[in-house]
Amino acid sequence: MLPQQDLVAATESVQSAAQDAPRTIEVVAKRFTFEPSRIEVREGERVRLVLKSADGVHGVEIKKFKVNKRIPHGGETVTIEFVADAPGQFPILCSEFCGNDHDEMKGMLVVEAKAPQ
Ligand code: CUA
């Protein structure tokens, strides 16, 4: 049997591993939307976006979290990870010209503030 202290340590490491698992969200980019267009996460959460295009080339940009990546045509996935370390609402923009309504292609990342301790 493990001494009591080791049991506590083992339990804690399991819990922190679970907390560190990123929140994975699959996003489809297509003229001229992101689906889902609204993504909600918690402050401090590690976020993994798995993006693909349903048509041509698009891009994904979230300035606040220094995200900016090209999404190729053909459905190849692009994975981005970042920590949502600030609460608020942050636009998700398409960063590659993709047609007439490129400027209208937007989503929203909503980062819910951590509950006060
Ligand atoms: Cu999609 Cu620009």
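A: The account below begins with the aromatic cluster and then turns to the sheet, the cavity and the backbone.

The model is predicted: local features require pLDDT of at least 70, side-chain atom pairs count only at pLDDT 80 or more, and totals for chains, interfaces and linings use all residues. Residues are numbered from 1 along each chain as its sequence is written, and side-chain values use heavy atoms, with hydrogens and water left out.

Rings of Phe, Tyr and Trp (its six-membered ring) pair if their centres lie within 6.5 Å; planes under 30 degrees apart count as stacked, over 60 as edge-to-face and the rest as tilted. Phe-65 and Phe-82 have ring centres 5.2 Å apart and planes at 20 degrees, so this pair is stacked. Phe-65 belongs to the loop between E5 and E6 and Phe-82 to strand E7, and the pair links distant parts of the chain, 17 residues apart. Here helices (H or I, at least four residues) and strands (E, at least two) are DSSP runs, numbered from the N terminus. Phe-65 is buried, with a relative accessible area of 10%, and Phe-82 is buried at 7%; buried means under 20% relative accessible area, exposed over 50%, and partly exposed in between (1.4 Å probe, protein chains only).

Phe-65 also pairs with Phe-90, in an edge-to-face arrangement with 5.2 Å centre to centre and 80 degrees between the planes. Because Phe-65 lies in the loop between E5 and E6 and Phe-90 in strand E8 (residues 88–93), this pair ties together parts that are 25 residues apart in sequence. Phe-90 is buried too, with a relative accessible area of 12%. Phe-65, Phe-82 and Phe-90 form one aromatic cluster.

The loop that holds Phe-65 also holds Lys-66, between strand E5 (58–62) and strand E6 (67–71). Lys-66 has a phi near 55 degrees, a positive value in a residue other than glycine. Lys-66 counts as exposed, at 77% relative accessibility.

Strand E7, where Phe-82 is found, belongs to an open sheet of four strands in the order E2-E1-E4-E7, with mixed pairing. Two strands pair if DSSP finds at least two bridges between them. Strand E2 (33–35) and strand E7 (78–83) stand at the edges with a single partner strand each, so one side of each has no neighbour in the sheet. Within the sheet, strand E1 (residues 23–30) and strand E4 (residues 46–53) pair in the parallel sense over seven bridges. Thr-24 has Arg-48 in E4 as its bridge partner.

The whole structure contains one cavity of 30 Å³ or more. On a 1 Å grid over the protein atoms alone, a cavity is a set of points where a 1.4 Å probe fits but cannot get out, and lining residues have an atom within 4 Å of a point. Val-27, Phe-34, Pro-36, Ile-39, Leu-49, Leu-51, Val-60 and Ile-92 line the largest cavity.

A cis peptide bond joins Glu-35 to Pro-36, with omega about 0 degrees. The peptide bond from Arg-31 to Phe-32 is cis as well, with omega near -5 degrees; Phe-32 is located in the loop between E1 and E2.

Note on methods
1 Å grid on protein atoms, 1.4 Å probe; cavity = no way out; pocket = protein on both sides within 12 Å on 5 of 7 lines; lining within 4 Å. Points joined across faces, edges and corners; volume = space filled by probe spheres on them.
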